[in-house]
Amino acid sequence: MIGGLAMHGRADDALDVFFKMQGNNLEPNGITFLNALSACAHGGFVDEGLTIFSSMKEMYGMEAEVEHYGCVVDMFGRAGLLEEAEQVINSMPIEPSAAVYGALLGACRIHGNVEMGERVGRILLELEPQNGGRYALLSNIYAEAGMWDDVAEVRKLMKERGVKTNPGISMVDIGGKVHEFKMGEGSHPQMKEVYLILEKIIEKLEMEGYSPNISQVLFDITEEEKETALRYHSEKLAIAFGVLNTKPGTTIRVVKNLRICEDCHSARKLFSQLDNRDIIVRDRMRYHHFRNGRCSCKDFW
């Protein structure tokens, strides 16, 4: 329950459940602490998270495992406290896992810390040389900083090692049938209609002030090409398909295999308000409930 509430953007409620457990003399175990710390990470509750982490040893005599340290690193990283996150890794009494370094690398991308991101990224490429996601994240850090030579170097290394990344895929359930969309793939029988309705949606958004966030396109191409690339992200196609095949006001539910980008996130918030419908997106990290121009993650994911 604590973990589920946290994933749905209800970190306050998740911690309420945790403290009620303690108040009713129900002793938390390692999994309970893991979910409580995850709630703090997703909610930006750094002080509360540190208190909970300390209580593992002080109140219950429990030794933190690598996953608990990973949550603390994630918590600091999401809050922009990157040096503190790195200090946690350096002071761990156990060997940090790739997931722990991965949490810090993700935070470096979010907060634009190229120097630390490069350092952590190189460690990860040695720990997990066949994990395409690590290369992509490091490449994205370089790309957002306009360091295209370094981007090329990472991609060259991927090719030499035979590493591939997973393409973005979004799925939407309409009438009990799951429909899958990929950027640049036009195999769906309603693809023509999907593109037409997507153009109308984007036109509607632009009339209300939406402007594509081209910093999210991590290729060395023209601004016009970047806007086109953003326009056809898989979740945009899936939501357009949902609009095409449901009645006005119907909730649209999408599952995406990657983290939703900042541009799609902003567009979904505005569209939920203009179209007066809820949109629920489950990305690789958490659930996003878009309603009336807001998201349950409070723009913190």
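Here is a short chat about the predicted model shown above.

Colleague: What kind of model is this, and how are residues numbered?
Modeller: It's a predicted model, where local features need pLDDT of at least 70, side-chain atom pairs count only at pLDDT 80 or more, and totals for chains, interfaces and linings use all residues. Residues are numbered from 1 along each chain as its sequence is written, and side-chain values use heavy atoms, leaving out hydrogens and water.

Colleague: How many helices and strands are in the chain?
Modeller: The chain has 14 helices and six strands, taken as DSSP runs (helices H or I, at least four residues; strands E, at least two) numbered from the N terminus.

Colleague: At what angle do α8 and α10 pack?
Modeller: Helix α8 (residues 114-127) and helix α10 (residues 148-161) pack at about 5°, with axes 13 Å apart. That makes α8 roughly parallel to α10, a label for angles under 35 degrees.

Colleague: Which residues make that contact?
Modeller: From α8 come Glu 118, Arg 122, Leu 125 and Glu 126, and from α10 come Asp 150, Glu 153, Leu 157 and Arg 161. Contact means heavy atoms within 4.5 Å.

Colleague: New topic: how much of the chain is buried?
Modeller: Of its 301 residues, 46% count as buried, meaning under 20% relative accessible area with a 1.4 Å probe, protein chains only.

Colleague: And what box do the C-alpha atoms fill?
Modeller: Roughly 60 × 50 × 35 Å along the principal axes.

Methods: Axes are lines fitted to C-alpha atoms, for helices over the stretch in contact, and angles run from 0 to 180 degrees between N-to-C directions. Angles under 35 degrees count as roughly parallel, over 145 as roughly antiparallel, 65 to 115 as roughly perpendicular and the rest as oblique. Buried means under 20% relative accessible area, exposed over 50%, partly exposed in between (1.4 Å probe, protein chains only).
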